[in-house]
Amino acid sequence: MTATIEPQTGAIGRPIKRKEDARLLTGKTNWVDNIQLPGTLYVHYVRSSVAHARIVRVDTTAAKAADGVVAVYTGADFPEQAGSTCVWPVTDDIKMSHYPAICTDKVLYAGDVVAVVVATDKYLAADAGDLVDVDLEPLPAVVDMEEALKDGAPLVHEGFGTNHCYTATMPCGDYAAAKAKADVVVKRRFINQRLIPNTMEPRAVVAAPSVGMADEIAVWTSTQIPHVLRVVLALLTGVPENNIRVIAPDVGGGFGVKLQIYREEVLGLLLAKKLGRPVKWVETRSEHMVASHHGRDQIQDIEIAATSDGTILGVDVKLLADMGAYLQIITPGTPLLGMFMYSGIYKMEALNFECTGVYTNKTPTDAYRGAGRPEATFAIERIVDELAAELGMEPMELRKKNWIKHEEFPYTQIAGLTYDTGNYEAATARAMELFGYDELRAEQKARRESGDKVQLGLGISTFTEMCGLAPSRTLGALKYAAGGWEHCTIRALPTGKIELITGTSPHGQGHETAWSQIASDIIGVPVEDIEVVHGDTGRAPLGMDTYGSRSLAVGGQAIKVAGERLVEKAKLIAAHQLEVSPDDIEFKEGVYSVKGDPEKHKTLGEISWAAFAAHNVPDGVEPTLSGEATVDPQDFSYPHGTHLAAMEVDTETGKVTLRKYVAVDDCGVQVNPLIVEGQVHGGLAQGIAQALYEGALYDADGNLLTGSMGDYLLPSAADLPSFITDRTVTPSTTHPLGTKGIGEAGAIASTPAIINGIVDALRPLGVNDVFMPASPQNVWRAIQAAQGGAA
């Protein structure tokens with residue numbers, strides 16, 4: 001018995017519609033909230049309504065007597081669950097906070113958990129939660145980073161005696177010497193405001209004992225990191241790792257907010273174990289605004305030194321980064337992910353970097369799409385525009401004068417990273433062509449001369465980023481606890497189908513399609529015949545998951561190597577059955593034939609059946625046909641691009657209109673251009689949203705003022721124009737597929753392009769910065785302040 005497999009050629013590079021979309025778009029999905037297990041109990045978390053207080057008493061008497069309530073727990077019931085979930089202690093002297101599953105002595109931010117109610121119905125659980133009597137003694141809160149560092153400030157963690165978490169430095173070159181040679185020094189303070197990541201699917205957890213094996217506890221959770229979560233759950237709970245199965249089913253978006261070890265996941269496992277029944281929790285949207293981690297929140301003091309002809313000599317960066325109340329998985333490391341990128345695409349003699357992490361009584365911060373690199377790109381692209389203004393140079397010409405030329409690659413930049421390939425000239429030329437750059441500059445000049453109340457500004461962002469977090473040794477040198485490798489197993493099943501088991505864990509990126517395209521080209525089978533298995537540590541036990549644009553750059557390499565190993569084993573079996581040397585076998589499009597005699601051949605279907613039956617395989621070759629690989633890349637990958645924004649600003653009202661947006665990205669080889677386009681569009685929406693719409697605000701007492709969608713503004717499709725996009729291609733030379741990564745590019749590049757455009761429009765009025773989000777109010781205030789009026 002053999003299976004017929006039709007040859008498939010050239011899958012990589014084709015804009016194939018995503019295989020998974022029919023299921024995702026028609027509701028045939030398996031979100032965590034869709035999981036219904038017999039006997040499920042429902043969990044409700046009682047959260048602090050104040051930002052800082054001592055817990056005097058938590059009375060659960062009335063809640064325990066309420067209808068449907070099975071149990072009510074406080075911190076005293078889980079005293080051992082107060083360890084740290086942070087895997088990145090960035091300095092030797094960092095002050096590492098404990099992160100209790102349930103608070104016992106103090107609450108440190110509005111949203112901290114003080115009790116847990118378990119009931120037979122989610123509504124009964126919520127009603128009982130209202131009956132928990134929490135007596136809190138309010139304490140002064142600290143929400144401003146600079147105030148938090150002053151003597152006498154309220155202490156978030158009293159045992160530390162300070163709100164200072166760490167200071168990390170990275171001096172590259174001699175900035176003092178570079179500055180001494182400078183004709184011009186420009187210094188600015190930029191505020192990268194706090195953001196609240198919002199996914200289509202809120203977080204959710206289902207945990208159940210005895211699923212599949214006697215001592216196993218299965219945890220279904222809307223996460224980006226099932227493999228990492230499994231390890232940390234074992235460390236935190238004492239449940240053996242081999243008895244924990246973590247499953248990330250269909251996940252409705254991540255953006256970094258699901259790159260986390262949350263207390264609800266830890267407690268879900270513990271409650272299922274304690275009660276011996278499945279438990280379920282689904283986050284509400286208002287709960288999400290305080291309970292899931294936030295992003296960004298930096299004060300950036302940046303200085304650039306240059307000669308009078310515009311040659312950049314060096315950059316000095318000093319950051320204050322808000323940690324929030326606790327250190328979560330990579331909270332302290334998130335701002336440091338950008339420290340290598342503050343030189344951007346520019347050549348310079350020196351880069352001096354310093355970052356101070358600060359505890360405050362706010363929701364913890366952590367990774368959000370781009371994680372440190374959007375902040376770095378924003379700072380360098382903004383300060384380059386400010387330098388151009390100071391010098392009286394056209395900002396694009398200043399960039400061209402200082403960027404790395406295409407013939408200079410590979411290029412080791414000032415922070416020590418070696419950019420393998422790039423062509424900033426090509427991407428910029430194409431972007432300027434699509435944008436109509438010269439025509440828009442002419443229009444801008446005419447508007448200025450006519451005194452038009454609506455001024456036009458052109459925003460530029462020529463960026464690069466580091467992604468594909470690896471290699472493991474580099475991560476280790478940075479004190480990151482985990483590695484950067486990735487795993488793949490490809491199995492040729494006896495019936496002719498292919499099972500591709502990946503350690504990456506998608507949440508909307510189209511892995512099932514793109515991974516099938518890579519495997520299709522390597523092993524020569526149709527995309528439709530390849531099933532991609534992911535997100536389940538029971539079926540895909542090895543992996544490092546999905547974040548930091550690493551899935552293709554790292555996971556794609558593992559697919560390539562695993563596929564090539566499968567092909568090599570298939571050659572051995574084909575040669576044996578065709579009675580020739582393996583060297584005489586040539587492989588093409590799923591067919592293994594004898595060189596010079598193509599009539600003598602075996603298809604992959606025939607070989608996979610032969611390997612399964614094992615009646616006639618070579619000595620020393622094991623039955624079954626598969627390839628397996630664990631790959632640790634040799635370097636990061638470095639996509640780049642040029643983004644241009646035409647911004648119209650009403651100088652009387654502060655209203656901003658995004659008139660035109662062009663993005664030309666270079667992500668190396670594109671596996672699926674359609675997926676690339678979708679990733680760019682989504683990233684642009686989020687980056688533009690930071691510039692124009694989003695911002696988390698707290699009052700002086702630590703109350704979140706933007707805790708609902710009525711107060712926290714997210715753009716809709718109607719708020720954004722049709723983007724004009726294109727790509728240039730400079731394949732990576734350090735990643736065998738030539739790929740670089742695209743998932744975060746739009747979010748990284750677009751924010752400075754928008755703000756640069758607004759400031760460019762208002763520069764004649766004396767404006768050199770606008771606070772984000774650039775709402776009409778903030779823009780109007782910037783104009784008034786520059787004109788000497790009351791802002």
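Y592, by contrast, is buried at 0% relative accessibility. The model being predicted, local features require pLDDT of at least 70 and side-chain atom pairs count only at pLDDT 80 or more, while totals for chains, interfaces and linings use all residues. Residues are numbered from 1 along each chain as its sequence is written, and side-chain values use heavy atoms, with hydrogens and water left out.

The structure contains 15 aromatic pairs, a pair being counted when ring centres of Phe, Tyr or Trp (its six-membered ring) lie within 6.5 Å; planes under 30 degrees apart are termed stacked, those over 60 edge-to-face, and the rest tilted. In one of these pairs, the ring centres of F409 and Y424 are 5.5 Å apart and the planes stand at 80°, so the arrangement is edge-to-face. F409 is located in the loop between α10 (395-402) and β16 (411-412), and Y424 in helix α11 (residues 424-435), so the contact ties together parts 15 residues apart in sequence. F409 is buried at 13% relative accessibility, as is Y424 with a relative accessible area of 3%. The rings of F587 and Y592 have centres 4.6 Å apart and planes at 35°, so this pair is tilted. Ring pairs also join Y99, Y109 and Y326 into a cluster.

A charge is taken to sit over a ring if NZ of Lys or CZ of Arg is within 6 Å of the ring centre and within 35 degrees of the ring normal. R203 lies over the face of Y262, at 3.5 Å from the ring centre. R203 also belongs to a network of salt bridges that links R47, R203, E264, E283 and E287.

In total, 57 salt bridges are found, each defined by a side-chain nitrogen of Lys or Arg within 4 Å of a carboxyl oxygen of Asp or Glu. Between R23 and D250, the closest N and O atoms are 2.6 Å apart. R23 lies in helix α1 (residues 21-25) and D250 in the loop between β11 (244-247) and α7 (263-275), so this bridge ties together parts 227 residues apart in sequence. R23 is partly exposed at 26% relative accessibility, whereas D250 is buried at 12%. A salt bridge of 2.8 Å (N to O) is formed by the side chains of D385 and R399, both of which are buried. In K445 and E449, the closest N and O atoms are 2.5 Å apart; these two residues are exposed and, being 4 residues apart in helix α12 (residues 437-450), are separated by about one helical turn.

The chain comprises 19 helices and 28 strands, assigned as DSSP runs (helices H or I, at least four residues; strands E, at least two) and numbered from the N terminus. Buried residues account for 62% of its 791 residues. The C-alpha trace spans about 90 × 70 × 45 Å along its principal axes. With contact denoting heavy atoms within 4.5 Å, 79% of the contacts between residues at least 6 apart in sequence join residues at least 24 apart.

Definitions and conventions
Buried means under 20% relative accessible area, exposed over 50%, partly exposed in between (1.4 Å probe, protein chains only).
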